[in-house]
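Take a moment to turn the model around on your screen before reading on.

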Amino acid sequence: MLSALTSLAAQQGRSFWMPTQGSTFAPEVDGVFQFIFWLSVFFFVIIIGLMTVFVIRYRRRPGIEADNSITHNTKLEVFWTVVPSLLVLVIFYLGFRGYIRARTVPGDTYQINVLGKKWVWSFTYPNGFSTNELHVPLGRPVSLTMTSDDVIHSLWIPAFRIKMDVVPGRYSKLWFVATEKGEFPILCTEYCGTGHSDMLTKVVVHEPSDFMKWMDEAGNQYEGMNPAEAGEKVFKKYGCFACHTLDGKDHPIGPTLKGLWGKMETLSDGKKVLVDENYIRESILDPQAKIVKGRTPSMTVFKGMIKDEEITFLIELIKSLKD
Ligand code: HEC
Ligand SMILES: [Cu+2]
């Protein structure tokens, strides 16, 4: 049993403490970590061990006078200053070398754009297609150009040993070469509000030929679905669920979309408006334009981020949820 477990762990390049080593950075990062860790263990044992021995051995006892003749020991002091300084320099060298490697994006990467927003990731590929899970080819350098739509997020892929803040109004970069096929978690590690933990998603590493196939199929993502089903997919894709439900119970942030179709809404200025195609379209593209009385205008603006076809699917979804 145990040997089966250890061989499984070995197979995935994973240890008891560490997740799978899924990128070319992982062995190096783990190496530096192990080095610092065992070095610390070594000094911890020596320092705490000697301290304990001295405390017991040289404790104050009746009848024994302290010998104050020793003031210092130059040889010993030089030794315990120079050796740790050299060790710290070694740590700096190893860490800085790895840092420079991780920060220098090579020229020939497959480029994916990343948008973090409350509370979903969106990954956009060179052909304009986008997903909430990251899909990448195995063994090929991939770079992520990342920005945020609202607050600071941070993209972390533990299996790849990479992490970077995702900041509104600027672009940050990450790159990696995936070395293990499979699926690994992606997390947001910068607390970004109520739905922070909903920003858990995954990276799917494909064999390069499967990646091309996946791209072709994913490009026709709504094929074979009826419009309302496609609408549900769009609802997930854009993270509408972070603020809305489809089951009639209001979400703490936004109203439920069930039973919305055909309703007369009273706006904050007292005007009444019928929920039809145009109202829904405007609610998605320019949510602040018309606010229902008593509600807070806190919806994400989707203008320029969502395709017309997808809005149509959302409208069909909302129609299908008429009660
Ligand atoms: C960040 C939270 C948030 C997200 C994400 C969000 N919404 Fe909203 N939505 C709201 C809030 C709050 C309101 C009510 C106030 C307003 O109109 O701005 C609202 C209102 C609406 C309305 C009008 C409801 C009415 O009763 O008039 C529609 C339709 C709508 N959202 C659809 C969507 C769709 C579709 C998505 C995904 C593409 C989405 N929303 C994503 C928060 C959100
Ligand atoms: Cu976040």
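This is a predicted model: local features need pLDDT of at least 70, side-chain atom pairs count only at pLDDT 80 or more; totals for chains, interfaces and linings use all residues.

## Two words to start with

Donors are N, O and S atoms within 2.8 Å of the metal.

## The copper site

Which residues hold the donor atoms of the copper ion (ligand 2)? The protein donors are H153 through ND1, C188 through SG, C192 through SG and M199 through SD, and they lie 2.0 to 2.5 Å from the copper ion. The angles among the four donor atoms run from 93 to 124 degrees, and the site is tetrahedral. For comparison, the ideal angle for four tetrahedral donors is 109.5 degrees.

A disulfide is a covalent bond between the sulfur atoms of two cysteines. To count as one here, the two sulfur atoms must be within 2.5 Å of each other, and the count comes to zero disulfides.

## The iron site

Now move to the iron atom of ligand 1. Its protein donors are H244 (NE2) and M299 (SD), at 1.9 to 2.2 Å from the iron atom. H244 sits in the loop between α5 (227-237) and β11 (264-266), and M299 in the loop between α6 (277-285) and α7 (308-320), so the two tie together parts of the chain that are 55 residues apart in sequence.

What is the geometry of this site? The iron atom has six donor atoms with angles of 86 to 178 degrees among them, and the site is octahedral. Ideal angles for six octahedral donors are 90 or 180 degrees. The two protein residues can also be described by their accessibility: H244 is buried, at 13%, whereas M299 is partly exposed, at 28%.

## Domains and where they meet

The protein chain is divided into domain 1 (9-60 + 71-103), domain 2 (110-219) and domain 3 (227-320). The centres of domain 1 and domain 2, taken over C-alpha atoms, are 32 Å apart. Their contact takes 16 residues from domain 1 and 15 residues from domain 2.

The size of an interface is often given as the accessible area lost when the parts come together. Domain 1 and domain 2 bury about 1,200 Å² between them, and 53% of that is on carbon and sulfur atoms. On the domain 1 side, G22, F25 and R103 supply 38% of the area buried against domain 2, more than any other three residues.

S23 is in the loop between α1 (2-11) and α2 (26-57), and it is buried, with a relative accessible area of 2%. How far is S23 from V177 in space? The two are 154 residues apart in sequence, yet their C-alpha atoms are 5.4 Å apart. Leaving out residues up to four places away in sequence, S23 touches A159, F160, F176, V177, A178 and T179.

K202 and V45 are 157 residues apart along the chain, and their C-alpha atoms are separated by 40 Å. Beyond its neighbours within four places in sequence, K202 is in contact with E133, L134, E183, F184, P185 and I186.

Most residues other than glycine have a negative phi, and most peptide bonds are trans. Two places in this model go the other way. A cis peptide bond joins K118 and W119, with omega at about -5 degrees; W119 lies in the loop between β1 (110-117) and β2 (120-124).

The other place is R161, which is not a glycine but has a positive phi of about 60 degrees. R161 is in the loop between β6 (153-157) and β7 (162-166), and it is buried, with a relative accessible area of 15%.

How values were computed:
Residues are numbered from 1 along each chain as its sequence is written. Chains are lettered from A and ligands numbered from 1 in the order in which they are written. Side-chain values use heavy atoms; hydrogens and water are left out. Donors are N, O and S atoms within 2.8 Å of the metal (3.2 Å for Na, K and Ca); water is not among the atoms, so sites may look incomplete. Four donors count as tetrahedral if all angles lie between 85 and 135 degrees; four count as square planar and six as octahedral if opposite donors are over 155 degrees apart and all others between 65 and 115; anything else is irregular. Helices (H or I, at least four residues) and strands (E, at least two) are DSSP runs, numbered from the N terminus. Buried means under 20% relative accessible area, exposed over 50%, partly exposed in between (1.4 Å probe, protein chains only). Domain bounds come from an automatic or database domain assignment. Contact means heavy atoms within 4.5 Å. Buried area is the accessible area (1.4 Å probe) that two parts lose on being put together, summed over both.
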